[in-house]
Amino acid sequence: MQRPEAPFRAEVVGSFLRPDSIKQAREAFAAGTLSAEALRQCEDEAIRQVVEQQCACGLHVVTDGEFRRAWWHFDFFDGLQGVERFESDHGIQFNGVQTKAHGIRVTGKLGFGDHPMLEDFRYLKSISGNAVAKMTIPSPSVLHFRGGREVIDRNVYPELDAYFDDLATTWRDAIAAFYAAGCRYLQLDDTVWAYLCSDEQRSQIRARGDNPDELARIYARVLNTALADKPADLKVGLHVCRGNFRSTWISEGGYEPVAEVLFGSVNVDAFFLEYDNDRSGDFAPLRFIKPGHQQVVLGLITTKNGELENPQAIKARIEEAAQYVAKEQICLSPQCGFASTEEGNNLTSAQQWGKVNLVTRVASQVW
């Protein structure tokens, strides 16, 4: 039952802990003592090493660890047309800790253009060998949700219908551009669907004047419009994340509030779902996963700490999930990346790779 194509039975979400070489090079670059070219050479070497390590763990898929980014999303948004990053009054509030104070706003017509991350992907593909190179980018809903109407210039987009149309077109163009660059496996990272599962977050959404259920329908439509022209040999996954910063989180709640819209209507090839603790709810919402080729990648192994899970417990949970979705439609991965921001989660590099090895070992035994 090993899958010959993406998503594979043993998967990763994307980011890895930054090595010291990257951290030191970034500090030197910020201080003006290291050139941009030298920084990129350092990143190239670190990415080559992390690709080799992923392959050594038995993975058939590799990422660049997001080593060229400080954030999983802001760095991508910075490269879009019509988007501007700014210093905000406060950071994003996680459970007991707050991020650096950055925000984004839409100041012009949205567009993909000649995005710098295309070259990042080309390098990854050039060193991926026999493994499939997976590119990870934020989902379109993330660009809208964080600031909503307030950070979208009304002179550019007096009506949000035109904004959502351009949002879908921008991601459609991104998908086409990465495909032209040789990408055959793309992952969209999305925290918003998890917010729409949280009672607390849904209350905050209503307080700012939005309807969470209507947002779910809008985001599903944007995603499907962006995916409408997707080539058949390009696999696209959607990772639903509850927040991942220095081993903390933002939202909690099972998938039931969005399950029918998300699983029942969004035309991705795979859903990467966090299921590492009670905050994720039960497996019942998986009943909406479409029978057939669509896969669900269960994030049963946490990246929030270094304690290694019991393999038998992981296998038991896979069997439990198989009550709602066919076992041949299930894959396994860590719950999230290990470093959604450059700070990274609270575990060691050895613990990180122990988690990845556990994924491949359990997957080989189950399938």
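Reply: The model has 2 cavities of 30 Å³ or more. A cavity is a set of points on a 1 Å grid over the protein atoms alone where a 1.4 Å probe fits but cannot get out; lining residues have an atom within 4 Å of a point. Grid points are joined across faces, edges and corners, and a volume is the space filled by probe spheres set on the points.

This is a predicted model: local features need pLDDT of at least 70, side-chain atom pairs count only at pLDDT 80 or more, and totals for chains, interfaces and linings use all residues. Residues are numbered from 1 along each chain as its sequence is written, and side-chain values use heavy atoms, with hydrogens and water left out.

Take the second largest cavity. Its space is about 40 Å³. The lining consists of Asp-64, Glu-66, Phe-67, Arg-68, Arg-69, Met-117, Asp-120 and Met-135. By class, that is 3 nonpolar, no polar and 5 charged residues. (Nonpolar means Ala, Val, Leu, Ile, Met, Phe, Trp, Tyr, Cys and Pro; charged means Asp, Glu, Lys and Arg; the others, Gly among them, are polar.)

Glu-66 deserves a look of its own. Its phi is near 60°, a positive value in a residue other than glycine. Glu-66 sits in the loop between β1 (61-62) and α3 (74-78). Helices (H or I, at least four residues) and strands (E, at least two) are DSSP runs, numbered from the N terminus.

Now the second largest pocket. A pocket is an open set of points with protein on both sides within 12 Å along at least five of seven lines. This one holds about 280 Å³. Its lining has 13 residues, and Arg-68, Asp-75, Pro-116, Met-117 and Asp-120 lie nearest its centre. Arg-68, Met-117 and Asp-120 also line the second largest cavity. The elements giving two or more residues to the pocket lining are α2 (36-56) and α4 (117-127). α4 gives the most, with 3 residues. The pocket lining counts 3 nonpolar, 1 polar and 9 charged residues.

Axes are lines fitted to C-alpha atoms, for helices over the stretch in contact, and angles run from 0 to 180 degrees between N-to-C directions. Ser-21, Ile-22, Ala-25, Arg-26 and Phe-29 of α1 meet Ala-36, Leu-39, Cys-42, Glu-43 and Ala-46 of α2. Contact means heavy atoms within 4.5 Å. These residues divide into 7 nonpolar, 1 polar and 2 charged. In the segment before α1 lies Pro-7. A cis peptide bond joins Ala-6 to Pro-7, with omega about -5°.

Next, the sheet. Its 6 strands run β5-β6-β7-β8-β9-β10, open and with parallel pairing. Strands pair if DSSP finds at least two bridges between them. The edges are β5 (135-138) and β10 (330-334), each pairing on one side only. Neighbouring strands are turned by 25° on average, direction ignored. Between β6 (residues 185-190) and β7 (residues 235-240) there are 6 bridges. Leu-186 stands opposite Val-236 in β7. Helix α12 (residues 349-366) packs on the sheet and touches β9 (295-301) and β10. The direction of α12 makes about 165° with that of β10.
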